[in-house]
Amino acid sequence: MSEMNRREALGTLGKLGLGAAALGLGGSALAIPAKDIDGDVLNFALNLEYLEASFYAAAVGRLSEVRAIGGSAPIALPANLPAGGMQFKDSNIQAYVNSIADDEIAHVKFLHAALGKGAVARPLLDLSSAFDAAGQAASGGAIKGFNPYTNELFFLHGAFIFEDVGVTAYNGAATLLTNPAYLQAAAGILAAEAYHAGSVRTFLYQQKDVVAAAGLTVEQIVNAISALRAKVGGGKDKGLTENGKAVLLPDDANGGAFARTTREVLNIVYLAPDAHKGGFFPQGLNGAIK
């Protein structure tokens, strides 16, 4: 089947409402309607990009760039985070965080512009208490008050929570798109997120034996975060190591990144299965898929 015919076939499946089973959306509430839902899918991605862009921008004192897009909804931050961002001691990590912030802000701008008047407003975001809740959930209550902006190592743990989710979310959503131009754009963003995720995993692996918090090593904490994501995200995850070997990506048996359904992604960012709000999105995502 040619590339164009493949895309046309995918578009036909979506328009006939036959894509849900093939694409693993799951649940009647998220079944594909008999219409083009490209806008809904892109808005779902935009919500996630608002979150990622805010997370990185806050670290490098560029949150005003995110706040200038999508409305005036609050972004909750730790009280002790300076307006100018974190104090980095490792210039290599600082350079990477600045580079990823560039990409994430660009993703928000691109999706917001592509959707035009149909773009959803930026939802209420929580980059403070949600991390505390995630830290406690992953460690069985051993880690309390987790703040990713405390230091570089903590920040990398926070980044790990998001990056793999972005990769698997774009992989799962790509085949929901019927417009080839949007599909190509989504593939480009997926690739960027994969580079980010690989970089974060590399930095963390270099410090895997360092005791980071509550007597737990980086390896133990990251693997615990992965286990929590897998529990609520369809079992589709891998930690920093597996059978004593380094793991660069959450890959399936074919060596490709896992693809998560929208429901599985929501379970992770809401920090609870089948929830409709909570976690990093206290009032839920904006748009049709939430």
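Predicted model: local features only at pLDDT ≥ 70, side-chain atom pairs only at ≥ 80, totals over all residues.
Where does Ala214 lie? Ala214 is placed in the loop between β3 (211-213) and β4 (216-217).

## Overall make-up

The protein contains 10 helices and 6 strands. Of its 290 residues, 51% are buried. When contacts between residues at least 6 apart in sequence are considered, 69% of them join residues at least 24 apart.

In soluble globular proteins, nonpolar side chains tend to be buried together. In this model the largest nonpolar core has 79 residues, and those with the most contacts inside it are Phe55, Tyr56, Tyr149, Leu204 and Phe281. Helix α3 (residues 38-59) supplies the largest share of this core, 14 residues.

Tyr149 illustrates the surroundings of one of these residues. Leaving aside residues up to four places away in sequence, Tyr149 touches Ser54, Phe55, Ala58, Ala59, Pro78, Leu81, Met86, Leu127 and Phe155.

## Helices α7 and α9

Helix α7 (residues 152-174) and helix α9 (residues 218-232) have axes that come within 11 Å and cross at roughly 30°. Because angles under 35 degrees count as roughly parallel, α7 is classed as roughly parallel to α9. The crossing of α7 with α9 is right-handed. On the α7 side the contact is formed by Leu153, His157, Phe160, Ile161, Asp164 and Val165, and on the α9 side by Val218, Ile221, Val222, Ile225, Ser226 and Arg229. By class, the residues of this contact are 8 nonpolar, 2 polar and 2 charged.

His157 belongs to helix α7. With a relative accessibility of 3%, His157 counts as buried, because the cut-off for buried is under 20%. Apart from residues up to four places away in sequence, His157 touches Phe146, Leu204, Ala212, Val218, Ile221, Val222 and Ile225. One of these residues, Val218, is 61 residues from His157 in sequence, with 8.3 Å between their C-alpha atoms.

## Helices α3 and α8

The axes of α3 and helix α8 (residues 180-206) come within 13 Å, and their crossing angle is roughly 30°. This angle makes α3 roughly parallel to α8. The handedness of the α3 and α8 crossing is left-handed. Asp38, Leu42, Glu49, Glu52 and Tyr56 are the α3 residues that meet Tyr182, Ile189, Glu193 and Val200 of α8. This contact comprises 5 nonpolar residues, no polar residues and 4 charged residues.

## Glu104 in helix α5

Is Glu104 buried or exposed? Glu104 has a relative accessibility of 0% and therefore counts as buried. Its place is in helix α5 (residues 91-115). Residues touched by Glu104, not counting those up to four places away in sequence, are Glu49, Glu52, Ala53, Tyr56, Glu163, Glu193 and His196. Among them, Glu49, Glu52 and Tyr56 of α3 and Glu193 of α8 also take part in the contact between those two helices. The C-alpha atoms of Glu104 and Ala57 are separated by 8.4 Å, while the two residues are 47 residues apart along the chain.

## Ile75 in strand β1

Ile75 is located in strand β1 (residues 75-76). At 7% relative accessibility, Ile75 counts as buried. Ile75 and Leu127 are 52 residues apart along the chain, and their C-alpha atoms are separated by 7.1 Å. Ser54 and Leu127 are also touched by Tyr149.

Most residues other than glycine have a negative phi, and most peptide bonds are trans. Ala214, in the loop between β3 and β4, has a positive phi of about 50° although it is not a glycine.

Asp274 likewise has a positive phi, near 60°, in a residue other than glycine. Asp274 is found in the segment after α10 (262-269). The relative accessibility of Asp274 is 57%, so Asp274 counts as exposed.

Note on methods. Residues numbered from 1 in each chain as written. Heavy atoms only, no water. Axes fitted to C-alpha atoms, helices over the stretch in contact; angles between N-to-C directions. Helix = DSSP H or I, 4+ residues; strand = E, 2+ residues; numbered from the N terminus. Parallel < 35°, antiparallel > 145°, perpendicular 65-115°, else oblique. Left-handed = near helix turned anticlockwise from the far one by under 90°. Contact = heavy atoms within 4.5 Å. Nonpolar A, V, L, I, M, F, W, Y, C, P; charged D, E, K, R; others polar. Buried < 20%, exposed > 50% of the residue type's maximum accessible area, 1.4 Å probe, protein only. Core = buried A, V, L, I, M, F, W, Y, C linked by side-chain atoms within 4.5 Å.
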